[in-house]
Amino acid sequence: MCLKKNCPLSNLGNSDGICCSCERKKPQNHKGAHKSYRDFIVRTNIDLIVIAFFIAWLHADTVRASETSTMAVDGGSGERESDIDSLEVEAGHDAAEEEIETAYAVLFPWFIEIIGVFVYYALSRWCHQIPFTAIMFLIGFCIGFCVDRVKPRNILLESSYIWTNIEGELIILIFLPGLLYLDSFNIDIHLFLQSFLQLVVFAFPMVLGGTALTALVAYYIFPYGWSFDLCMTFGSILSATDPVAVAVLLNELGAPPRLKMHISGESLMNDGSAVVFYTIFSSRFFYEFGLDGIGEEIGWGKGFALFFRLAFGGAAIGLAFGIGTVFILFHLDRRLSGEDSVIQVVTTISAAYLSFFTSEILAHCSGIIAVLFCGVTVKAFGETLLNNLQLTHHFWEITEHLLNALLFALGGSVWGEIIGDQTYTEGQGRLFARQDWGYLALLYVLLMVIRMFLIYSFYPITKRIGIGTNWKESLFAAYGGLRGAVGIALALSLHAETIHFTSSIPNESAQMSFRTSTAKVFGFTGGIAFLTLFINATTCGPLLIKLGLVTPTETRKKVLENYRQHMIQFTLVEYVKLMTEDRFQTVDFMVMKEHIPFFNEITYDKFMIAVQKYKDITPSKGYLEPSIEHVIPYLYEPETSHPSNDEKVSPGLNETITDRRSILKSSTRRDSVANIRKNRRRRVATVYDLNEVFDEKEVREERMIFVHILRATYHRLIEHGELDSRGFMPYSMFRSLDFASDAASKGMPLNDWDAMQAVSNSWVRPAEKLLHRLFHWKEVFKRKHKFRTFDIDFMEIFVQVRQALVFTRAHESAQNIFKREFVSAGSDALTAAEKNVLDESKMQMVNADKLLNSLDKDDVQVIKSHYVCQMLLNKSAYYFEKLARRGLITEREAGQFLEEIEEYIFDVLECREISHKHEMSLDAKKKMISSIPSYMLRGSVNNTKERAQVVAADVDTAQPLPV
């Protein structure tokens, strides 16, 4: 037994006398020197070392003897042995190179995904109308075009080469289940069932007609001599539509639900039927290779039987997996368990891929139809069983984004290889010559004509069944039939399988002919996908508006204006709520009007309605009088006379605004910066003495709970727009709670203010300065604002004041929650431990107030005013985000409002004005309030006159809170 105190192995027997944890010997009675030698050998592992050397020597001796006997058998010839060794070395090098190349396969997909991040950022900021998938296809094209032209190939091109030569069946198994499940799960079940007959017409007769007409174009117009089975395969590939880009546009513009159902539902159904036709005709095409076990001669009767087996078999398998998924979701019923929610998401993705694999590979049915019916079944019966629906949607949206980016980049890469490749044509020039580009343009036009012809041929039927349609919606559906993910995946699969199968054909000419044909098929498929994404997708928006398929402009403007007025009232109530806090009672309303343009629309009556509304929604016990002395003078207009602007403006306040650079010379500014830097040097030394241990168990537990409340309060302030969610300020605040939690666990008093200052004054401060400087230059160039020197000193004061204000607010809120949760039932008394924690929290607030009092009052007042402006603008943004989440406004409409608010927030952050135009002096405000009839000051503001007599020039002159 080890004698070292608290040793975890002290209770374990150890015959060697050594504790492996503390390396301390047990007291033993040794019987001779041999015992000590044995202990030494065991402790130093000499015995193991000797055994290892002996085994190595024995192995080397055995190998040497084997080599000697081999040389004797070979007649003592050393040259043959040397040749064998060299061949083994070369084989080892080849295996190593093959292993390295296999590892390179990881690079291409994740390189594409990170490039996709930059593409998304650029498109979402500057070129919103261009589809994301089109740019990814173009990037893939550039990579593929360089594969055979850059010598030697780098790692990225090697990785791309591995992916472009992947098996066709594997491509379908990787991409299609993940892409199709979200579309089927997002579908409106009610409209889907109502329009099912229409979707069947879109999916089967129209797809078959489109396949046949496209095949006729390829057979009679194209000069390539393709067989009719390959032409039908080509037609089935191009009959699959991709509504991703158009669906996003429809949601943004607020298109009618019927049109969205026709676009998305048709795509889902015709994807399944297109794959069914592809399976039939590609089997007939592979049969032309003349290889045993490759392809099948399918006649009309067998073709119809195969069609029904693929379609109905896939539907049955999808229903079975959907019901099984619903059963599993039903039993994962712990809604408060985050792990149950994660397992539910895992269940959905497993069901999607397993249903596809079972149907496509094992049962030889349609995997796409299986995934479709699985997703629809889970949507219909399992959506309410999901513990966290938002988590499920977010996961599938991430999956769809990853797969779309990789698939279109992969398709573009293969397209780039084919466009510039000369290996298929045996020296006859490029695979895709000038005339092929002309045929590509002709094919694009003819496909548009074919789709238009088919849609209007079935229009008399689709108009009378299901949920109906009209000629405008039919025209848009014809124009919006983009080609994308499914078509590219099928074309990739066809080309990859052709290369794989034809490698067994002994005739090189026939082998090259088949490969050239499928390469051209993919070339045309990629070209059509690229053209529809760049032409149709970018022009669908204007066409939708031109056809009048979105809400009429005037009507929609009235609705949006109504929402805007509600937003103003909501923001105004939030402003009244802020006016109840001591820290903001001196904020001038003129600053609000300067930086929040829609506050210029506020009248006296609107403001008083907001005051009354705040009183109505606030419990009487928690109601506080708002301080409106700095608001009323700007809103009340006497019936007889109006003071002139000269009377309203205090001396010197209506002069030219002084830039912050001129104020840098003031002594108060220099004193403020000096105080900040002095406090920084004092605090950097140490925050807590973690070696000190207290024995106050109850107080220790209360402190830990209070720190947890503070952390939750910071998160709530972020949600309410009072604390930025990004940047170094929230980092320093949350980091200070980590230190506070460590100290509380040691029994030390609450001291998170000094911890926050210590964190802020470490590497965070220089990084924050650099970040603010970069942000400043970025926004200046982005918005082309007038050049303004970046003020480092003001930034330091800005950060300190913001931290102090948020810190004080968080502690006030945490104290209220703490008292509410820990007060004894039926009594208002707190225990001594609880009082001790509250006193420590109040002391932290005093420290924050001391910092505010040590800074220049003008700077503090400006930062407070701008802080209120930013909070109110954040709350306005939150209002529009809430409307968008509820589906009351479209994403594009919400985006327009949010961009406007973002501009206002930037102007607030860049403002350096000590005073604003038409800002009243304190005496002018008192005079104006005294002239207002008492009956005009109704309800909660009857005491405004009295409060105006004692209003202070700045809230920072107030005494610190008592502890």
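**Buried cysteines and packed helices**

Modeller: Let's start with Cys540, which is buried at a relative accessible area of 0%. Keep in mind that this is a predicted model.

Biologist: Okay, but why is Cys540 called buried?

Modeller: The label needs a relative accessible area under 20%. Cys540 has 0%, so it counts as buried.

Biologist: What about the protein overall: which helices and strands does it have, by count?

Modeller: It has 38 helices and 0 strands. Of its 963 residues, 49% are buried. The accessible surface is about 47600 Å², and carbon and sulfur atoms hold 59% of that.

Biologist: What makes helix 4 and helix 6 roughly perpendicular?

Modeller: Their packing angle is about 110 degrees. The perpendicular class runs from 65 to 115 degrees, so helix 4 and helix 6 are roughly perpendicular to each other. Their axes are 8 Å apart.

Biologist: And which residues make that contact?

Modeller: Helix 4 brings Leu107, Phe108, Pro109 and Phe111, while helix 6 brings Ile155, Leu156, Ser159, Ser160 and Trp163. Sorted by class, the contact of helix 4 with helix 6 has 7 nonpolar residues, 2 polar ones and no charged ones.

Biologist: Now helix 13 and helix 16. Why is that pair called roughly antiparallel?

Modeller: Helix 13 and helix 16 (residues 367-382) pack at about 155 degrees, with their axes 8 Å apart. Anything over 145 degrees goes in the antiparallel class, so helix 13 is roughly antiparallel to helix 16.

Biologist: Where do helix 13 and helix 16 meet?

Modeller: On helix 13, look for Leu268, Met269, Asp271, Gly272, Val275 and Val276; on helix 16, for Ile368, Ile369 and Leu372. That contact divides into 7 nonpolar, 1 polar and 1 charged.

Biologist: Which residues of helix 9 are buried, and what do they pack against?

Modeller: In helix 9 (residues 196-203), the buried residues are Gln198, Leu199, Val201, Phe202 and Ala203. They pack against helix 8 (189-194), helix 10 (205-220), helix 13 (257-287) and helix 19 (459-462).

Biologist: Last one: what share of the contacts joins residues 24 or more positions apart?

Modeller: Among contacts with a separation of 6 or more, 80% are between residues 24 or more positions apart.

How values were computed. Residues numbered from 1 in each chain as written. Predicted model: local features only at pLDDT ≥ 70, side-chain atom pairs only at ≥ 80, totals over all residues. Heavy atoms only, no water. Axes fitted to C-alpha atoms, helices over the stretch in contact; angles between N-to-C directions. Helix = DSSP H or I, 4+ residues; strand = E, 2+ residues; numbered from the N terminus. Parallel < 35°, antiparallel > 145°, perpendicular 65-115°, else oblique. Contact = heavy atoms within 4.5 Å. Nonpolar A, V, L, I, M, F, W, Y, C, P; charged D, E, K, R; others polar. Buried < 20%, exposed > 50% of the residue type's maximum accessible area, 1.4 Å probe, protein only. Areas by Shrake-Rupley, 256 points an atom, 1.4 Å probe, with all protein chains shown as cover.
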